[in-house]
Every structure is written in C-alpha cells, then in structure tokens.
There are 2 protein chains.
Amino acid sequence: MPPRYIGLDTHETEIMSKQSQVKGAAVVGQSGGPTAVINQSLVGVIETLRGQGAIEQTLGCLHGVSGIIDDKFVDLQAIPTDVLDRIAVSPSAALGSSRDKPDRAYCERIFERFAQRNVRYFFYIGGNDSSDTCRIVNELANESGYELRCFHVPKTIDNDLVLNDHTPGYASAAKFVAQAFMGDNLDNRALPGIKIDIVMGRHAGFLTAASVLARQDDDDGPHLIYVPEAAFDADRFLADVDRVYSRVGRCLIAVSEGISDSEDTPVAERLAVEQGHHVDRDAHGNIQLSGTGALGDFLSIHIKRNLGKKLRVRADTLGYMQRSFAGCYSPVDAHEARMVGRKAAEAALADDADGSIAIQRVSDSPYGVEYPVIELATVAGKTRTMDSQHLVDGNNIADGFKDYLAPLVGELPIAQALRVECVK
Amino acid sequence: MPPRYIGLDTHETEIMSKQSQVKGAAVVGQSGGPTAVINQSLVGVIETLRGQGAIEQTLGCLHGVSGIIDDKFVDLQAIPTDVLDRIAVSPSAALGSSRDKPDRAYCERIFERFAQRNVRYFFYIGGNDSSDTCRIVNELANESGYELRCFHVPKTIDNDLVLNDHTPGYASAAKFVAQAFMGDNLDNRALPGIKIDIVMGRHAGFLTAASVLARQDDDDGPHLIYVPEAAFDADRFLADVDRVYSRVGRCLIAVSEGISDSEDTPVAERLAVEQGHHVDRDAHGNIQLSGTGALGDFLSIHIKRNLGKKLRVRADTLGYMQRSFAGCYSPVDAHEARMVGRKAAEAALADDADGSIAIQRVSDSPYGVEYPVIELATVAGKTRTMDSQHLVDGNNIADGFKDYLAPLVGELPIAQALRVECVK
C-alpha cells in the first residue's frame, strides 16, 4: 500500500476562521545548517499565504534573523511559480542562513523591526535554537500587547528535536549516508582494509546510525558504529577493529563527528592532544568538528600506531555533502518538509496562536504521520538523542533501527555484491 | 536528437570469423580503483562470451592478478542473469580489485597459471598499469608460441589514458563531483565563507575540472580551481582567495589531491612540513593523498594563519564516494563501459589479436563515439593530462571544458539559487 500522506499536488489550504485574522506582513526565515529539503518548507509557507487577504506582504529575511536586524527582506510573492518549483527541489537555504543564536536583547531588535514593518506573522525554519528565537520574540510581543503569530517550522539533519518522530531534512541526509556506505562497503570488499567514515552529528547519532541501511548480508559493513550517545574508549576501539579485521579481513567503521569519551571530552580533541597537534577552538571553546578531516585522520593514525603500520587504513569525512548534495533527497522527506511549511501557515492564519509544527508517526504500515502544533517552549533549546534500545555494546546500532528509518528514506539504489565459491 | 549509440538492449554480438577461434578458458579481472561502472564492463565481457563454442569456461579472477597467482577463480557463466543485471548497476569491482603492478617475473607466474588452466582469452579491466600487464603477459605468450588473446578494457575515473577521448568511470565520477559542487555552491551562498573541496586526481585534473559544471551564473562557484597540470604557489593561492573573497563575499575552491609546486613537491607534503606535521610515506616514498583529509586541512590552516584567524574556512575531501557512491552514475558512461567490455570480447573472438579498446569521439552533436582496438604498447604505462587550452591562469578551468564534459555526464539535478533584490 502507498503511504497515506497526501500527494504534493493535491494540497488544498483550509483556513478555519478568517474572522480572527490580523492584517499585516508575514516574514519567513531559514536558520542553521542547510538541508536538502528546507526550501520545500519555505515554498510550503509561501504558497499557503498566497492570496490570503490578511497577508499584505510575504517577506523573506536574508540570512535568518540577521536579515531582520539589517532590514534585508525580499518579496517572496513576486517570485514566479516555476522558479519556486525549482527552488523547492534545490538543496541549501535559498534565503541564506545564519548561525546567530539570539538572546533577549537580539530578539528585542527583531521585535522592533517587526513593529516598524507591521509584521504580524513570523515563520522561522530551523532547529531547536530557531524555536527558542520564536519563543522569545513571541514573549516580547505578548508583553507589548502586539499581536504576532510566531511559528517554528522544524528542520535539522541531526533529527534531534524532542516530541518529533523525526525532523525534515534528516531522511534525505540519511539517504545520502546510506548510499555512501552501500558503495563504500563494496569498495572496501574490492580493496580490503580498514575504512573509517565520519558522519555529522555533534550530540545525536541518528545520522551515523543511518549507515545500518547499507547492511544487506552478514559480512556487510559498517561493521562498527560509534555514536555520541555511547562513551568512546580508544583502547576498546582498537580491540573492536582488531576483532572485526581478524574475522572478516576488512573493517568498515561509521563514526559520529561528536563522539566523546567518558569524561565528555570530544575524541577529536583527546587524540589531537595525544598525537601532538595544535587544537583550534571557536569563541565558545568548542573545537571544530565539521569542515575538517581531522577526526578521521586521528583515528587512522591511532589504528596504525597501535595495530600495525602496514595496515591499509583510510578515512573519509562525508562532510557538507550530507546536507547539500544536489539531487539526493528522500521523496517522503521532501513531502513532509513541504507539509510542515504549509501547516505552520495554515495554523497562523487560522487563529491567534503560536507554536512549533511537529511530525508524529501514527502508523508504521502503511506509514503515516500527523502534524500537530506543539508549544514553542516544549521544543526550544532541547536536544533529543537516540533511544538506548538501538545502541549495541557501545560499538554498534541494532538492525532494528532500520524499521524506524526505512519508511523515511524510501527506495535505495542497487548495491549488489558477488558471492560465489571459487572453482577447483 | 538522441545520442546515436546503440541502446543496451539492442546489442547483438557479431563474430566475424569463427574458424580462427582457439578453444580454451577465458579469464576476466578487474584492477585498480573501483568505479561506478566497472561492473558494466565485466558484464559486457561475460554476456558476449556466453554461448560461444570456443569459450570452454569464463572465469573471473578474484582481486585482479593476485587471484590468478593464488588460483582464485569463480565461474562467471554460472551467475544468473538477474544477478548480473544487479551487479552491472552496482559500484565498485564485483570480482575484487588489486593494487599490484606486475613486473615480468610476476607476469611469468600469471602466464604459467594460464597455461596450466588452458586460458586462451584474457580480459583485464583497468587503467594504464593493467594495459601494461596485458602487454607483458602477451609478450610471454608470444615468446612461448602459446596462443593467448589479451585485451585491456579501459577504466579509470582519472580519465588519463592516452588515445582515448575519455575513459569509462570518469563521467560517473564527474557527475558526482558536479552534484557535490552544485550543492556546495548553494551551501556556501547560504553560509558564506571560504570552502575548499579536495577532488581525486594525482597527476591529471580532469575530475577536479568537472566542478565547472556547477557554475550556472557569474557569481557561482567554484571560483578557483587548482589542478596538478599547473604548478601551485602557496602565496599566489592566498592572493587568489583574498581577491575572490573581497569581491564575492565568499569563495568556493576545487583542488586536486595531487597539486604540486614548481619543484614537483606535492603541496600536501610541503604544507605538512611547514605546519610541523609528521609525514607518512608508503613503500614507494609517496605520501598518502586519498583516504585522508590532510591536504584540505593544511590549506585551511594556511588560509587562516595568513588571511585571518576569524575567517570561516572549511574543507571537505570528496573521498571514495567519488568512485563508489551507490546510485550515482552517468547513463552514457554506463553504456560505454558495457560496450568496451563487449567490444573486447568480440575482438578476441574474431581474430588472433590483442589490444586495448579505446573510446574515440566522432561527433559532438549528436554525441557519438567509436571503439577502435589500439595496440597495448600505445596505452601501457602512459598518462594523459589536460590540454593547456582548458587551463586558465594557473587557478581556474575555462567554461569551455563543459562542451567536452556535458555530453558524457548527461542530465544533472536542479540547483536553483534565489536571486532577487531586497525590498525598500
């Protein structure tokens, strides 16, 4: 049976109570790391606001909240439909993004700009920081008795929003990770050795765990999977690799960029120090995890130094391609990203309400979801991590995780190994 | 007009002169770095030999020439057609691969095994080293008056075989690179900064040059492209980056892993020494270029140290995904890879001849190629690099390179930027 969600083309906006609408401008923004489908959410908001009498303008703020402060807005209703259609299927954030995490003072400036431009509807597409921004701006509006309808539209490849079954962007990134591991498993069969692939995820291992989709047969990799939810032990890691390599003659390893030891020190930092490298830190004292191949290289060196210099050890870091590789997205993810944009716009038009749109699974077979509005404060600033039921021995993910993930990712390409006995 | 090559399903083997056929076993092997379409060539050989009376067995040697020495053969005609169909579209080398570069003594052992198993047909799918292996084994057979038909079937993502317009595997890897840069260009627009992407290619820049396909508008990246054919100057590089960043407010850079300075020292090595890192070398004294993020990280540090610590500088290394990412291949490449396998088998069955199958373009519009048999010695051990006409100022590739590449890569996904003026 097909999934029971509504097709993209059959959508009809139902606005429940037009009499309650406040007239003014709407602002839409995108925040945080881009995804393959964040533009679907943007287009979902735009198309739902189109033709609604209460919406005097639909403005896009460039580069997230910083565009609000800097008064950099574009007219989103002026964009031709065919361009919107192309933007919807393009990766990255079309409006530009921002890493700013607004505090109350910053939000006051946002609110001032909103009052100045008579903005009455605000849609912020992003992760839990964006939800927090919505929450604070909304508080300021309430305190001033200014009617502002604030909606957080979920987005994050990390899949780490609480009260959500999963988040838009995750399944497409998971599909990329699955295809990467499916291919790398065959590559590692062809030229056996030890191969490490570093996957995005500072606190949550959901994306790294997507590598399980590459396992079709008993000897398929990834043979080991390390996620931030399980404390990493460098000696134990060597023993794991040695055991797999002795048994299978090769070893494919999935590692979250954010793995940390039992004292919560990032492994990248611990190994950098141990191997005598200089450690660069950002303003918050964090070491850089994305946009560098350092962790993979440190782990390679760690293996070679301890298990043998002659071993063929290689490391790749999947990098920004996980969120931005053109043409790689899950159709279910694209649909749901569109829907959360539409649902936010519908909810804002329907009532003087605020909130975050969640995705909650209502059935597995056929796969089906609902999009309830939940309170901003319940999502804001919180991080969800993987259930312990999926973690195995601190060095793997249970194959049962596929039951959760497969319906989100959809069809995967063929990656067929040749398995035949030698002739005599 | 559609390309004028024959569709995969309309193939018919024509064997010219059956009376000249020698009876015996055929051996097929795969060598060097895997590609997205090397299994198409394997299946092309298998299906063409099927049902031919002269072919008593079609054996696959596991892990290239090492499988011949170790007597590890599988029966390829016993594999069901549906499995072959799945293998054909799977990345990596289904028989396993090898990095061995046989010398004469090694080839003598190959020849001994061939004589022992009455092997009369040998097909080796690989780059210029594989062609050289065919050449030596063929010489040994000739010297012994043993009839052996040796065919080199071309394969390399490096696109560096002489006398070929292009090589099977290249276009699919180029497609991956194009999709990666199309997405990363939009990612870099959304979160501006300096982004370096390292692409495979030790001596030839063809694959890195494929990044030009990501440029649709004037301000699109990659803004700078560095290939091994142009000597790299670390100071000049800083000036290039600084100029682009000042003009565009961001900078996306494509870099071949094999870039070297004017003294032919790899940049990875020069910067490692300069930045105080330990340099690991292989048995040949070469430093490792693939399977590490080192070069990208060295270039990032070089920029930060010299242009400013606060710059947002990131580096990704596209890694083995370029050759093995499941589901990413060019249909033209897949077809041509199948054809060179078929053509090799047809040529071997037709006559007591030896050679390498080449791909030569006979027309651009409509795109069309021929597959002549060329002499093994003309390909063996030689490396083709990019024409100087495509190199611009030592830091870029001319957009005209697209005319050569686009027909090979085929259709690319949509990556649409939003380009509108701010409202007042």
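## A walk through the two-chain model

Start by selecting Pro222(A), which sits in the loop between helix H7 (206–209) and strand S7 (224–226) of chain A. Zoom in on the link from Gly221(A) to Pro222(A): that peptide bond is cis, with omega near 5°. Most peptide bonds are trans. Now jump to chain B and pick Pro222(B), in the loop between helix H7 (206–209) and strand S7 (224–226) of chain B. The bond from Gly221(B) to Pro222(B) is cis too, with omega near 5°.

Keep in mind that you're looking at a predicted model, with ipTM 0.95 and pTM 0.95. Colour chain A by pLDDT: the average is 93, and 95% of the residues score at least 70. Then select residues 1–17 of chain A, where pLDDT stays under 50. For that stretch the model has 24 contacts beyond four places in sequence.

**Zoom out: chain A**

Show chain A as a cartoon and you'll have 14 helices and 15 strands on screen. Its radius of gyration is 23 Å, close to the 22 Å that the globule rule gives for 424 residues, so chain A is as compact as a globular protein of that length. Along the principal axes, the C-alpha trace spans about 80 × 50 × 35 Å. Buried residues account for 58% of the 424 in the chain. Of the contacts between residues at least 6 apart in sequence, 77% join residues at least 24 apart.

Next, colour by domain. Domain 1 of chain A is 8–168 + 328–379, and domain 2 is 173–325 + 387–409. How many Å separate their centres, taken over C-alpha atoms? The answer is 33 Å. The contact between them takes 17 residues from domain 1 and 16 residues from domain 2. On the domain 1 side, those residues split into eight nonpolar, six polar and three charged.

Select 128–144 in chain A for helix H5: 17 residues, reaching 25 Å from first C-alpha to last, close to the 24 Å expected at 1.5 Å a residue. Twelve of the 17 residues are buried, so H5(A) is largely enclosed by the rest of the structure. Among the buried ones are Asp129(A), Asp132(A), Cys134(A), Arg135(A) and Ala141(A). To see what covers them, show helix H2 (65–69), helix H4 (104–116), strand S4 (119–126), strand S5 (149–154), strand S10 (355–357) and helix H13 (376–379) of chain A, which are included in the cover. Step off the end of H5(A) and you reach Gly145(A), whose phi is positive, near 65°.

Now select 170–190 in chain A. That's helix H6, with 21 residues and a reach of 30 Å from first C-alpha to last, close to the 30 Å expected. Here 21 of the 21 residues are buried, so H6(A) is largely enclosed by the rest of the structure.

**Two positive phi values**

Most residues other than glycine have a negative phi. Click on Ser92(A), in the loop between helix H3 (81–88) and H4 of chain A: its phi is positive, about 75°, although it is not a glycine. Is Ser92(A) buried or exposed? With 32 C-beta neighbours inside 10 Å, Ser92(A) counts as buried. Asp264(A) also has a positive phi, near 65°, and you'll find it in the loop between strand S8 (251–256) and helix H9 (267–274) of chain A. Asp264(A) is exposed, with 8 other C-beta atoms within 10 Å.

**Across to chain B**

Bring both chains back and look at where they meet: 54 residues of chain B are in contact with 55 residues of chain A. Which helix gives the most to the chain B side? H6(B), with nine residues. Strand S3 (73–75), helix H3 (81–88) and helix H10 (294–307) of chain B are among the elements that each supply at least two. The chain B side divides into 30 nonpolar, 15 polar and nine charged residues.

Two last stops. Cys328(B) is in the loop between H11 and helix H12 (331–350) of chain B, and with 23 C-beta neighbours inside 10 Å it counts as buried. Beyond its neighbours within four places in sequence, Cys328(B) is in contact with Ala36(B), Ser172(B), Lys175(B) and Phe176(B).

Finish on Ile374(B), in strand S13 (residues 373–374) of chain B. Ile374(B) counts as buried, with 20 C-beta neighbours inside 10 Å. Leaving aside neighbours within four places in sequence, Ile374(B) is in contact with Leu163(B), Gly355(B), Ser356(B), Ala358(B) and Val379(B).

Methods: Residues are numbered from 1 along each chain as its sequence is written. Chains are lettered from A and ligands numbered from 1 in the order in which they are written. This is a predicted model: local features need pLDDT of at least 70, side-chain atom pairs count only at pLDDT 80 or more; totals for chains, interfaces and linings use all residues. Helices (H or I, at least four residues) and strands (E, at least two) are DSSP runs, numbered from the N terminus. The radius of gyration is taken over C-alpha atoms; the globule rule is 2.2 Å times the number of residues to the power 0.38. Two residues are in contact if their C-beta atoms, placed from the backbone, lie within 7 Å. Ala, Val, Leu, Ile, Met, Phe, Trp, Tyr, Cys and Pro count as nonpolar, Asp, Glu, Lys and Arg as charged, and the others, Gly among them, as polar. The expected span of a helix is 1.5 Å times one less than its number of residues. pLDDT is the predictor's confidence in each residue, from 0 to 100. Domain bounds come from an automatic or database domain assignment.
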